[in-house]
Amino acid sequence: MENLNNASIEEKINDSNYLNFHYTLFDIKIDPGLKDDDGNELPRPFTKSQMRKWLKKVRWTNSKAEKRAKEKERAKERKREARIANIDLGPNRKALKKMKLEKPKRNIGIIIDLSFENLMIEKDRYKVIKQILRCYSVNRRSESPLQFYVTSFGEKSKIDMSRHNGYENWDIVFQETSYLETFPKEKLFYLSSESDNVIESFEEDTYYIIGGLVDHNQHKGLCHKIAVEQGIRHGQLPLGKYVNMKTRKVLTIDHVFEIVLRVCEGMSWQDALIKVLPLRKGAHICHSASNNSSNVDSSCDSDTH
């Protein structure tokens, strides 16, 4: 391990009042080092804040194998209990992998635009990656999955994603280039809550872009601004038409993804929104929408051009 006998580092690690962790050098089997936002190795000795980050990374790296073993054991136990209770837990990972090869995808794509990585701190970039994982999970379990792309997949995003082993084999197309370099502009559609256009259905042969940005409202309207500047069609989901919400109508990446997926599967807007939106959003059905829901066609329309 590199320079781990440095007296100042050892003193800080063993000072539980400073670190609030009962962790010593003897517990460290793997030293992952520490990199800055550009992927450059930081020199030792670390500063106080760097020490906190480093120790967090050390704990995560060194407990990874143990956590996985515990997860596998818990999964086996759940399967045993389910068999005894005659409960169907759905397809396992092997079956899902086989289904991935067999299930035809819809001719509708979702693109997550990661061109905003320089606008986010590390913590928020991790949140974006976590939301992409949820999108992947819900899509691979769908009977009619959407085509799934991640564009502008830069160095920081690669470093963040590398924490998840085997992501290169997921049923997601990761591209370093922008969506403008990959898809015809007329087939692109940016989803933005700032747009004045309201979507009623999703078109075939169209790729819907979700901005991969967690910014706590610091860059409000940025995705809409980009769509306008690039001459890309844009629109927002019809939240106000079908549900009332207690909070702002700004959704996470995975919520938008799943709503699009459910509507494309044939679920009504109302049902999809109530199913996907979290309880904290306080979503409930609009009376006007419930009266007209039987007349609303929420399926994916075929594009005629």
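The structure is a predicted model. A search of the whole structure finds twelve salt bridges. The structure also holds 14 aromatic pairs. Helix 3 (residues 48-84) has 37 residues, and a kink is centred on Lys 64.

**Salt bridges**

- Side chains of opposite charge can pair when their charged atoms come close.
- Glu 73 and Arg 80 form a salt bridge, with their closest N and O atoms 3.5 Å apart.
- Glu 73 has 44% relative accessibility, so Glu 73 counts as partly exposed.
- Arg 80 is also partly exposed, because its relative accessibility is 34%.
- A network of salt bridges links Glu 73, Glu 77 and Arg 80.
- Arg 233 pairs with Glu 203 in another salt bridge, where the closest N and O atoms are 3.1 Å apart.
- This pair links distant parts of the chain, 30 residues apart. Arg 233 is in strand 6 (residues 233-235). Glu 203 is in the loop between strand 4 (188-191) and strand 5 (206-211).
- Arg 233 counts as partly exposed, at 30% relative accessibility. Glu 203 counts as partly exposed too, at 24%.
- Arg 262 and Glu 265 meet through their side chains in a salt bridge of 3.0 Å, N to O.
- Is Arg 262 buried or exposed? Its relative accessible area is 14%. The cut-off for buried is under 20%, so Arg 262 is buried.
- Glu 265 is partly exposed, with a relative accessible area of 30%.

**Aromatic rings**

- Among the 14 aromatic pairs is that of Tyr 136 and Trp 170.
- Why does the pair of Tyr 136 and Trp 170 count as stacked? The ring centres are 4.8 Å apart and the planes are at 10°, so the pair is stacked. The cut-off for stacked is under 30 degrees.
- Tyr 136 lies in helix 5 (residues 122-140). Trp 170 lies in the loop between helix 6 (155-161) and strand 3 (173-174). The pair therefore ties together parts that are 34 residues apart in sequence.
- Both Tyr 136 and Trp 170 are buried.
- Phe 153 and Phe 174 form a tilted aromatic pair. The distance is 4.8 Å centre to centre, with 40° between the planes.
- Phe 153 lies in the loop between strand 2 (147-151) and helix 6, and Phe 174 lies in strand 3. So this pair ties together parts that are 21 residues apart in sequence.
- Phe 153 is buried, and Phe 174 is buried too.
- Which residues do ring pairs link into a cluster? They are Tyr 136, Phe 153, Tyr 167, Trp 170 and Phe 174.

**A charge over a ring**

- The ring of Tyr 126 has the charged end of Arg 163 sitting over it. That charged end is 4.6 Å from the ring centre.

**Helix 3**

- From first C-alpha to last, helix 3 reaches 52 Å. That is close to the 54 Å expected at 1.5 Å a residue.
- How big is the kink in helix 3? The kink is about 45° and is centred on Lys 64.
- The buried residues of helix 3 include Met 51, Trp 54, Leu 55 and Val 58. Also buried are Thr 61, Asn 62, Ser 63 and Ala 82.
- An α-helix has 3.6 residues a turn, so residues three or four places apart point the same way.

Methods: Residues numbered from 1 in each chain as written. Predicted model: local features only at pLDDT ≥ 70, side-chain atom pairs only at ≥ 80, totals over all residues. Heavy atoms only, no water. Salt bridge = Lys/Arg side-chain N within 4 Å of Asp/Glu carboxyl O. Buried < 20%, exposed > 50% of the residue type's maximum accessible area, 1.4 Å probe, protein only. Helix = DSSP H or I, 4+ residues; strand = E, 2+ residues; numbered from the N terminus. Phe/Tyr/Trp six-rings, centres within 6.5 Å; stacked < 30°, edge-to-face > 60°. Lys NZ or Arg CZ within 6 Å of the ring centre and 35° of its normal. Expected span 1.5 Å × (residues − 1). Bend = angle between axes of the 7 residues up to and from the residue.
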